Amino acid sequence: MTTLYSARDTDRTAPAAVTAETTAWEALRASIRSKTVRLAEHTIIYYESDPADRFFEIVDGAVMLFKLLPDGRRQVVGLFGPGDLFGLPSGEDHDSAAETLVPSVLKAIERRDIEDSVELQRHVNRCLLRQVADLREHTVLLGRKSAFERVASYLMHMVPGRGLGERCRGRPESGCDEAVVRITMTRQEIADYLGLTIETVSRIISGMKRKGFLTADRQDRLKITDVCALCRQSGMH
């Protein structure tokens, strides 16, 4: 059986145990202090150096954070999906820009609304610690992996339980190990995330198709024909 996953689908949106922490967070999200924001794809949410007086939770959609160098080059420094928080720099101003990748629904929350609540701060801290682990994985990708391994890792990160922050559990007992992933980023955005050129990304994806790792029937969807085999090419199996 083939399963369809969108970019950044993970176990993060699975129901959590009901605790004082989760109860406080859900109450804040449902209150008038939390504003619902609906944005079209490729909408700038904030720019680097904008005041960071509020942060965001993704209800639906996908968001990337990026930094621009003086010569115009861009490095995508973070990818976020449903359940993720972003817009919480260490200082008073944003240290990167944020842009939607697809039509997205966000919850905008004032930073001051969590300052006096231990439960809310615990929830935010838990989310940020998970992001720190993701950043460590990305540091290894940029610093030590080959171009092929980077693209393979990017694709694997979209398969829940087999990529981002997880160990591959091997092929399922059913024997079928396919997954269809929805690509919400352009080739240029993928290149900027992986520290590659758009030509290299396109060449590697074409090579994966020729070698039988991938098939594609639409521009924004790729079928991984053997997830475990691709994982072995990612440097994290």
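Biologist: Which residue is the bridge partner of L214 in β12?

Modeller: Strands of a sheet pair through backbone hydrogen bonds, either parallel or antiparallel. Here L214 has I224 in β12 as its bridge partner. Strands β11 (residues 214-218) and β12 (residues 221-224) run antiparallel and are joined by 3 bridges; a hairpin of 2 residues leads from β11 to β12. Strands (E, at least two residues) and helices (H or I, at least four) are DSSP runs numbered from the N terminus, and two strands pair if DSSP finds at least two bridges between them. This is a predicted model, in which local features need pLDDT of at least 70 and side-chain atom pairs count only at pLDDT 80 or more, while totals for chains, interfaces and linings use all residues. Residues are numbered from 1 along each chain as its sequence is written, and side-chain values use heavy atoms, with hydrogens and water left out.

Biologist: What is the strand order in the open sheet of 4 strands?

Modeller: The order is β3-β8-β5-β6, with antiparallel pairing. At the edges stand β3 (44-46) and β6 (74-80), each of which pairs on one side only. Direction ignored, neighbouring strands of this sheet are turned by 30° against each other on average. The antiparallel pairing of β3 with β8 (residues 97-100) rests on 2 bridges, and Y46 stands opposite A98 in β8.

Biologist: At what angle do α1 and α2 pack?

Modeller: Two packed helices are described by the angle between their axes and the distance between the axes. For α1 (residues 20-30) and α2, the angle is about 95° and the axes are 8 Å apart. Therefore α1 is roughly perpendicular to α2, a term for angles of 65 to 115 degrees. The axes are lines fitted to C-alpha atoms over the stretch in contact, and angles run from 0 to 180 degrees between N-to-C directions.

Biologist: Which residues of α1 meet α2?

Modeller: They are A20, E21, A24, W25 and L28, which meet E119, L120, R122, H123, V124 and R126 in α2; contact means heavy atoms within 4.5 Å. The residues of this contact divide into 6 nonpolar, 1 polar and 4 charged. Ala, Val, Leu, Ile, Met, Phe, Trp, Tyr, Cys and Pro count as nonpolar, Asp, Glu, Lys and Arg as charged, and the others, Gly among them, as polar.

Biologist: Why is α3 described as largely enclosed by the rest of the structure?

Modeller: Buried means under 20% relative accessible area, exposed over 50%, and partly exposed in between (1.4 Å probe, protein chains only). In α3, 7 of the 10 residues are buried, so this helix is largely enclosed. Among them are R150, Y154 and M156. By contrast, S146, in the loop between α2 (118-144) and α3 (147-156), is partly exposed at 35%.

Biologist: How many residues has the largest nonpolar core?

Modeller: Such a core is a set of buried Ala, Val, Leu, Ile, Met, Phe, Trp, Tyr and Cys residues joined through side-chain atoms within 4.5 Å. The largest has 37 residues, and Y154, L155 and M208 have the most contacts inside it. The largest share of this core, 5 residues, comes from α3.

Technical notes
Parallel < 35°, antiparallel > 145°, perpendicular 65-115°, else oblique.
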